[in-house]
Amino acid sequence: MHRTIFDTPVVNTLLRGLSLVILKVTGWKVEGALPPNTPKCVMIAAPHTSNWDLPNTLMVAFALRLHIYWMGKESIFRPPFRHLMMWMGGIPVKRERANNLVAASAQAILDADAPLQLVVPPEGTRQKTRYWKTGFYYIALSAKVPIVLAYMDYKRKISGLGPLFHPTGDIEADMLKIKAFYAAFSGKNALQFQAE
């Protein structure tokens, strides 16, 4: 995987300090921690209803000392911002083309020789959607890593890491359990989030 702000010395420390100050001043509380025996995982990023989700997610990642990579639509990686977005941990995704993103992502996790948390928004968009995309599930299943139920609740200003979820291969039953966890959370644009 490419180098990011999370593994850049000095910058990482400075941005962590700044993130902690901003989160405190704006009234956000960060909860949870990544279990020490979980260096690699897939993290669900939900609810995803606003452009503010990315900067808030980055600040929470710094606060929790995570080393995240996140998936985003390729249009936000256009020049002159491409290298900056990738340095922030971004991985461009061409949603309109069929590709082998699940297999490539799982292999990247397996090949990584350092901690790696892959953040995936299951809605695949900031707009309201009835069905979640299942790529995050199959990436975790293929890489044999747990899914971390990460959340951002704008109503209560609480963000963090929930429990680990180990995919069983029964996607219908597993998705019901995962979505039940997210039913209590509210996105920035609350009416655009549906976890049922």
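A residue counts as exposed when its relative accessible area is over 50%. In this predicted model, Lys144 has a relative accessibility of 73% and is therefore exposed. Lys144 sits in the loop between H5 and E6, and its backbone is worth a look too: phi is near 60 degrees, a positive value in a residue other than glycine. Lys157 belongs to the loop between E6 and E7 and, at 34% relative accessibility, counts as partly exposed.

Two helix pairs can be described next. Helix H1 (residues 11-25) packs against helix H2 (residues 53-63) at an angle of about 110 degrees, and their axes are 8 Å apart. Angles of 65 to 115 degrees count as roughly perpendicular, so H1 and H2 are roughly perpendicular to each other. Their crossing is left-handed. On the H1 side, the contact is made by Asn12, Leu15, Arg16, Ser19, Leu20, Ile22 and Leu23, which meet Met59, Val60, Phe62 and Ala63 in H2. Sorted by class, this contact of H1 with H2 has eight nonpolar residues, two polar ones and one charged one.

For helix H4 (residues 101-111) and helix H5 (residues 135-143), the packing angle is about 45 degrees, and the axes lie 8 Å apart. This angle makes H4 oblique to H5. Here the crossing is right-handed. H4 contributes Val102, Ser105, Ala106, Ile109 and Leu110 to the contact, while H5 contributes Gly135, Tyr138, Ile139, Ser142 and Ala143. The contact of H4 with H5 contains seven nonpolar and three polar residues, and no charged ones.

A pair of aromatic rings is described by the distance of the centres and the angle of the planes. Ring centres within 6.5 Å make a pair, and the count by this rule comes to ten aromatic pairs. One of them joins Trp28 and Tyr154 edge-to-face, at 5.2 Å centre to centre and with 90 degrees between the planes. Trp28 is in the loop between H1 and strand E1 (29-31), and Tyr154 is in the loop between strand E6 (147-153) and strand E7 (158-165), so this pair ties together parts that are 126 residues apart in sequence. Trp28 is buried, at 14% relative accessibility, and Tyr154 is buried with a relative accessible area of 14%.

Phe181 and Phe185 make another pair: with ring centres 5.3 Å apart and planes at 65 degrees, the pair is edge-to-face. Phe181 counts as partly exposed at 25% relative accessibility, whereas Phe185, at 13%, counts as buried. Both belong to a cluster in which ring pairs link Trp132, Tyr151, Phe181, Tyr182 and Phe185.

Gly32 gives a further view of parts that are separated along the chain. Gly32 is placed in the loop between E1 and strand E2 (40-46) and is partly exposed, at 47% relative accessibility. Its C-alpha atom is 8.6 Å from that of Pro163, although the two residues are 131 residues apart along the chain. Leaving aside residues up to four places away in sequence, Gly32 touches Leu64 and Leu161.

Finally, two cis peptide bonds can be located. One joins Ala46 and Pro47, with omega about -10 degrees; Pro47 lies in the loop between E2 and H2. Another joins Pro79 and Pro80, with omega about 10 degrees; Pro80 lies in the loop between strand E3 (68-73) and helix H3 (82-87).

Terms used: Residues are numbered from 1 along each chain as its sequence is written. This is a predicted model: local features need pLDDT of at least 70, side-chain atom pairs count only at pLDDT 80 or more; totals for chains, interfaces and linings use all residues. Side-chain values use heavy atoms; hydrogens and water are left out. Axes are lines fitted to C-alpha atoms, for helices over the stretch in contact, and angles run from 0 to 180 degrees between N-to-C directions. Helices (H or I, at least four residues) and strands (E, at least two) are DSSP runs, numbered from the N terminus. Angles under 35 degrees count as roughly parallel, over 145 as roughly antiparallel, 65 to 115 as roughly perpendicular and the rest as oblique. A crossing is left-handed if the near helix is turned anticlockwise from the far one by less than a right angle, and right-handed if clockwise. Contact means heavy atoms within 4.5 Å. Ala, Val, Leu, Ile, Met, Phe, Trp, Tyr, Cys and Pro count as nonpolar, Asp, Glu, Lys and Arg as charged, and the others, Gly among them, as polar. Rings of Phe, Tyr and Trp (its six-membered ring) pair if their centres lie within 6.5 Å; planes under 30 degrees apart count as stacked, over 60 as edge-to-face and the rest as tilted. Buried means under 20% relative accessible area, exposed over 50%, partly exposed in between (1.4 Å probe, protein chains only).
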